[in-house]
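Grab a pencil and work through these exercises with the model open beside you. Each one sets a task and then walks through a solution.

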Number of protein chains: 2
Amino acid sequence: MGMADWVIWNGVLLTLKRDAPPICPGFVAVEGTRITAVGQAGSQAELPPARDYLDAAGGLILPGLVNTHCHLPMVWFRGLADDLPLNRWLHEKIFPAESGWLDEEKVYWGTLLAAAELIRGGVTTVADGYFFEDAVRRALKDSGLRGVTAQGVVDLPAPGVPEPRDNLKLAGRFLESGPDYGPLLTSAIFCHSPYTCGPETLKGAKKLCREAGVPFFLHLAETAQEVQELRQQTQMSSAAYLDRLGLLDELTVVVHGVWLEPEDLDLLARRWVKVSHCPESNLKLAAGVAPVPELLAQGVVVGLGTDGAASNNNLDLFGEMSLAARLHKVTKKDPTVLPAKTVLELATREGARVLGLEGQTGVLAVGKAADLIVVDINQAHLTPMFDPYSHLVYAARSSDVRHVMVAGRWLMRDRTLLTLDWRAMAARARLWSEELSTFLRNPPSLDPGRAIRENEPEPV
Amino acid sequence: MGMADWVIWNGVLLTLKRDAPPICPGFVAVEGTRITAVGQAGSQAELPPARDYLDAAGGLILPGLVNTHCHLPMVWFRGLADDLPLNRWLHEKIFPAESGWLDEEKVYWGTLLAAAELIRGGVTTVADGYFFEDAVRRALKDSGLRGVTAQGVVDLPAPGVPEPRDNLKLAGRFLESGPDYGPLLTSAIFCHSPYTCGPETLKGAKKLCREAGVPFFLHLAETAQEVQELRQQTQMSSAAYLDRLGLLDELTVVVHGVWLEPEDLDLLARRWVKVSHCPESNLKLAAGVAPVPELLAQGVVVGLGTDGAASNNNLDLFGEMSLAARLHKVTKKDPTVLPAKTVLELATREGARVLGLEGQTGVLAVGKAADLIVVDINQAHLTPMFDPYSHLVYAARSSDVRHVMVAGRWLMRDRTLLTLDWRAMAARARLWSEELSTFLRNPPSLDPGRAIRENEPEPV
């Protein structure tokens, strides 16, 4: 081991390695993009030599969180319409905005805005599925986040893909150019769903993913209605249908899976399929509650996702952790279901497995990428602390994340973003949210600041 | 109207008055403890004259939140034990800690710690029910919060009440001394539950409350088991049993009400009984989901509560709002149930009605107390903003609260607490959490800072 670039020390270190106890006080040494040492040190004198030291000040040092499902550019539609029936929400608001207002530049800036929220919430890896995904890749690269960017595929006209028959050709080109975006980004494909993608499209997209060795994402069994309709059309359950098309393997990520049937669980487990669980979105859209305890009991790898800000309305994995830990207790009538440590594992190590990134991220261990966060516990709502896992899941908030590092590079220090220009984003957001309101003939957005916000608070 | 002491201006003003639209840009004028004007002003020149001005910088100005149920001093047990069956949690952890470790001084300091969390989370009014409630009153008075402090009553030995036969005598004295604690605090009684308080205790406590004209709080129908047992013993539903004892009127607050039966809803509505809904606690303890949409449809007044930090594990009403808005959508399979604005009303105006404080707080209107908060929206996770109600419920976090005023006095400015000494609380918390771990023979709490936290972060 040479001289470390950074040693992060003086915190409660949660490695998230299987069965590893907290190390207290612990440190992590980082050289280049990788972790070179993890250990215990009661004083600065015991630390390995390093060019720089970051004092975690008694906080929690843990792997950065992994958001396994998002539609990042949809931050533009955050709170645009809520509490509506799904059809009105889609047809009166989201589809018109996507088809008539969104463009590549807006996707780029929306992704930057989403990246700012993710970094400030302790996320270091995000999986996205959307359109104009090339712009998503560029923005994520500029943000410094690790990501899996999946080009959307659907058998309907879509943003950037006016001709559905071009969807696979475009997705194939998208995968080919993946390596241009550097080692932090994996390019993949997101087929919207079995009810918007025909069997040939699904098979073609999966074939492209298989050849490239990258994840294939698919919304599946999100609503009871789609499962019923699929059964009427095919006499099959959701997973059985995908299996007949040959889509199920260890690089397939099923998103939502709310209405998976008992035979589906077994099939997903046997095929090593991964599942992304998005509880806040599932509740807000009244979709239902995914059978997560059953999936875990079958050995299926499950991660947490926020879904997009149009249906959540935030990209906050702390909220997903708190809800996942509580929700399944009440549906199973058992307060021991999904204990805090398990839920934190879903948000880190298991999330990395969902995305096929377990070799890179999700635990703090020698040889892994230095993707880590420091959570400040010196706060009223985190006092006292008996159990750091409990605190992270049941009491902490994303705003408690103090420092964020991805692949050895600081993306946030002391809650200040280091790779993104908040003022530039905020200025665009003000302009474009008014434009979008006008476009949709909504009442104007409530921004009192146009005239008198010259004394704007400092960027955050 | 004389000269105002404060004008809070340049924000989106949500008065929470029934059917009142947002005022943008809006202002509130405050003289002494009261609101003297509410209006619209596009520039500082249009504002009423005032000794001081607070620029909300484009944020949301709204009534402070009302937490209708808490056990404040139980912050000492936050995360002490989670994910356990109820009986083990109570008998191995909570009861031993309460009977052998807790004392009046710890209740006082625990309440201060809880008050710090509440203020930093935008709560301006809290209802507490616990033991050593005199110490709770002193601490809340020192914090500057508005509160309803309810002395716990139970037919078992309790902290500060070793002889259960003294419980009503002590509660009566507690009510008598209420006025000594000033106009912001109401002293009341909290009977733990029908399964820990016999009929004579319940009737005696309610009689004391009726004579004093103050709320009577009671955990009711929290678990399916207690409802079954009550029916076996009395052949009655929960509310019917209380009604037979003559306990139901407009100053009775039923807490939880998860397993209220259809006939109960009607009875509660006819008797003007109020309900405190605590969804995060109900889920975490696997209690169930309260029939809130049904209660609201019957016209029952419902507020939100956090319950204590031992079962939540936070005192964050933003979390309760987000969960309440989502949870009932999925249980009712309807995304239009409990829209954001309704949920914000439960957390403010309706919460004030639950506590009988609607004359004082819960809306921003001339003559009401100046209990208000400013929420900073100049942040990535709140950009863009189309609907302030949606933002507060689905996207904002308690950490977005920037300023807090109660009865014309600032309790927090720019996230700095003005009435509480964080360092003194943190020092005690460190000492006492270790003492509690030792007492319970738990592994020592994970505080890495004893030796090396001299460089402690600034108080928050």
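**Exercise 1. Work out how chain B is laid on chain A, and what symmetry relates the two copies.**

Step 1: Start with the general idea that two copies of a chain are related by a rotation about an axis and a shift along it.

Step 2: Superpose the copies by least squares on the C-alpha atoms of residues with pLDDT of at least 70 in both. Chain B then goes onto chain A with an RMSD of 0.0 Å, using a turn of 180° and a shift of 0.0 Å along the axis.

Step 3: The two copies are thus related as by a two-fold rotation axis.

Step 4: To find the axis from chain B, go to Ser399(B), whose C-alpha is the nearest to it in that chain, at 3.3 Å.

A quick word on ground rules: this is a predicted model, where local features need pLDDT of at least 70 and side-chain atom pairs count only at pLDDT 80 or more, while totals for chains, interfaces and linings use all residues. Residues are numbered from 1 along each chain as its sequence is written, and chains are lettered from A and ligands numbered from 1 in the order in which they are written.

**Exercise 2. Describe the contact between the chains, taking the side of chain B that touches chain A.**

Step 1: Count residues, calling two of them in contact if their C-beta atoms, placed from the backbone, lie within 7 Å. Chain A puts in 84 residues and chain B puts in 82.

Step 2: Among the elements of chain B that give two or more residues are strands S1 (4–13) and S2 (23–31), plus helices H2 (104–120), H11 (317–331) and H15 (422–439). H11(B) gives the most, with seven residues.

Step 3: Now sort by class: Ala, Val, Leu, Ile, Met, Phe, Trp, Tyr, Cys and Pro count as nonpolar, Asp, Glu, Lys and Arg as charged, and the others, Gly among them, as polar. This side of chain B comes out at 38 nonpolar, 26 polar and 18 charged residues.

Step 4: 100% of the interface residues of chain B are also interface residues in chain A, so the copies meet through the same surface.

**Exercise 3. Characterise how H2(A) packs on H15(A).**

Step 1: Get the geometry from axes, which are lines fitted to C-alpha atoms, for helices over the stretch in contact, with angles running from 0 to 180 degrees between N-to-C directions. H2(A) and H15(A) pack at about 125°, their axes 10 Å apart.

Step 2: Classify the angle: under 35 degrees is roughly parallel, over 145 roughly antiparallel, 65 to 115 roughly perpendicular and the rest oblique. H2(A) and H15(A) are therefore oblique to each other.

Step 3: Check the hand; a crossing is left-handed if the near helix is turned anticlockwise from the far one by less than a right angle, and right-handed if clockwise. H2(A) passes H15(A) in a left-handed crossing.

Step 4: Look at who meets whom: the H2(A) residues include Trp109(A) and Leu113(A), and those of H15(A) include Met425(A) and Trp432(A). By class, this contact has eight nonpolar, no polar and two charged residues.

Technical notes:
Contact = placed C-beta atoms within 7 Å. Helix = DSSP H or I, 4+ residues; strand = E, 2+ residues; numbered from the N terminus.
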